[in-house]
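Please look through the following structure with the report beside it.

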Amino acid sequence: MVSAVFHSPLDASLDGNDSPQRAPARSTVAAPARPPRTPVDWREFWRRVLPPLIGFALLIAVWGAATQNSTTFPTPAKVFDAAAKLFADPFYRNGPNDQGIGWNVLNSLERVGLGFGLAALVGIPLGFVIGRFAFMHRMASPLISLLKPVSPLAWLPIGLLVFKSANPAAIWTIFICSIWPMLINTAVGVQRVPQDYLNVARVLALSEWKIATRILLPSVMPYLLTGVRLSVGTAWLVIVAAEMLTGGVGIGFWVWDEWNNLNVAHIIIAIFVIGFVGLLLEWLLTSLAKRFEYA
Amino acid sequence: MARHDKPMLSIAGVGMTFPTKRGPFVALRDVSLDMQRGEFVALIGHSGCGKSTLLNLVAGLTTPTAGHLLLDDRELKGPGPDRGVVFQNHSLLPWLSCLDNVLLAVERVFGATESKEQLRQRAMATLELVGMSHALAKRPHEISGGMKQRVGIARALAMQPKMLLMDEPFGALDALTRAKLQDELMKIVATTGATVMMVTHDVDEAVLLSDRIVMMTNGPAATIGEVLRVDLPRPRNRVELAEDSRYVHYRKEVIDFLYTRHQHVEKVA
């Protein structure tokens, strides 16, 4: 989308021009011709920035009012102090069970990356096959329908049984839970490739490889990336639960550890960190998806 | 235009029945038509008369339930690059540039025998033929509807097909763009000697472009009603033809068929 918006006004002005006229037109485009700087629209700026700020302020105000006289639940100020201390040294190491929050987050991200990466490696090609061939679709769809709604934690014992170790079991759980959105979205995308494009493929008698790379893949890309986005979201949801059960270094384990220490301020910090990282992952993939939009 | 050698395309007793939930639907019955090399044939009829169905049969996108289609004495089985198809909605791939859209077709046909550079030259030459050299690198959404259809024509022509099959290629364009593209199509056909089958519902387009106009009866169970031979000298000029008595006569013939003799067939049947 971004590129489309960038290109169309420039190229529209070139329409119908002959090539000799085109060269100078191009060069003025290529030169860093600074567009007249539009004055900053402050009213629009506040209209966008103010509401979210008010939202956060309200949350903190309600939280502060509710915890004013509480002895167990920390106030916003206490959590802020704890956070300042925590983020001052996020990468310390005092033995396997006491490491900085940075290490915890990175360890969780590594597990998510591994589990999700494997899921993508298996799920996307499988989605293509299921979407392309009706037989495979009929064969796989009851299995998918059956396995998809299973809670992540139900898969964990299977992983522990097979891998006999906590870390691979957590990765396995991520894998099995994040494979479905990618697989299903890819398959749906393949099935929804416009008939026009498939007719083109048939009329040109393209090989199955050319069909896959030139027609299916670009056409499916938006669906696929939606699947990837959902999968990463799921993976990040699942990791906290999985790590609570398996232990080791990771944000989920950290939450559980702090609960055992009755350090509620740290749990609240963890919640914000988990939310923030999730947001970051989502944003990353959304901006990636935008590169594949063509109108 | 009358030629006496063997027909290039031979449609013999072709019928097409689609299975539907309410039982079989007969779209076409007993269609027989021969086309000579270099001939321009327009299929005209009211919507739903099966003219696109017939074109799809020739394209090989569907298989007839009765009869045979022969192209150069070989039975048509499925689509192939010997028949270039121009779709009504252009059907260019939006993620490829104009050049790459054409290259896709060129690579398929000549990829095994020619170098990358030769393929490129071939694609560019065809785009030049349709007057689109200025937009090689543009994506389809960056060019106008008329330009898209030019690229669509280039894609079909670039394969050097035996036949060009056009399914209402200018139907979605405004009248002025359509006229311009019709004129250019006439030029292209004159230079390449292409054999063209074109589906249209535009009487003027049919008379202006065709050597023969195949008029189809209304569906269901549509078939060829009449075939009109258009004996107008080429090159044809739309402005001069507008007052030509033969042109007016041919036009009247088609209109007569469409609106007098075959308007209410559905209700009668």
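Domain bounds are taken from an automatic or database domain assignment. On that basis, chain B is divided into domain 1 (1–82 + 162–244) and domain 2 (92–160), and the centres of domain 1 of chain B and domain 2 of chain B, taken over C-alpha atoms, are separated by 24 Å. This is a predicted model, in which local features need pLDDT of at least 70 and side-chain atom pairs count only at pLDDT 80 or more, while totals for chains, interfaces and linings use all residues. Residues are numbered from 1 along each chain as its sequence is written, and chains are lettered from A in the order in which they are written.

Two residues are in contact if their C-beta atoms, placed from the backbone, lie within 7 Å.

| domain 1 of chain B | 11 residues |
| domain 2 of chain B | 11 residues |

Helices are DSSP runs (H or I, at least four residues), numbered from the N terminus. On the side of domain 1 of chain B that touches domain 2 of chain B, the largest share, 5 residues, comes from helix α5 (residues 175–192) of chain B.

Axes are lines fitted to C-alpha atoms, for helices over the stretch in contact, with angles from 0 to 180 degrees between N-to-C directions. The axes of helix α2 (residues 98–110) of chain B and helix α4 (residues 145–158) of chain B come within 8 Å and cross at roughly 25°. Because angles under 35 degrees count as roughly parallel, α2(B) is roughly parallel to α4(B). Among the residues that meet here are B:Val102 in α2(B) and B:Val151 in α4(B).

Notes. Helix = DSSP H or I, 4+ residues; strand = E, 2+ residues; numbered from the N terminus. Parallel < 35°, antiparallel > 145°, perpendicular 65-115°, else oblique.
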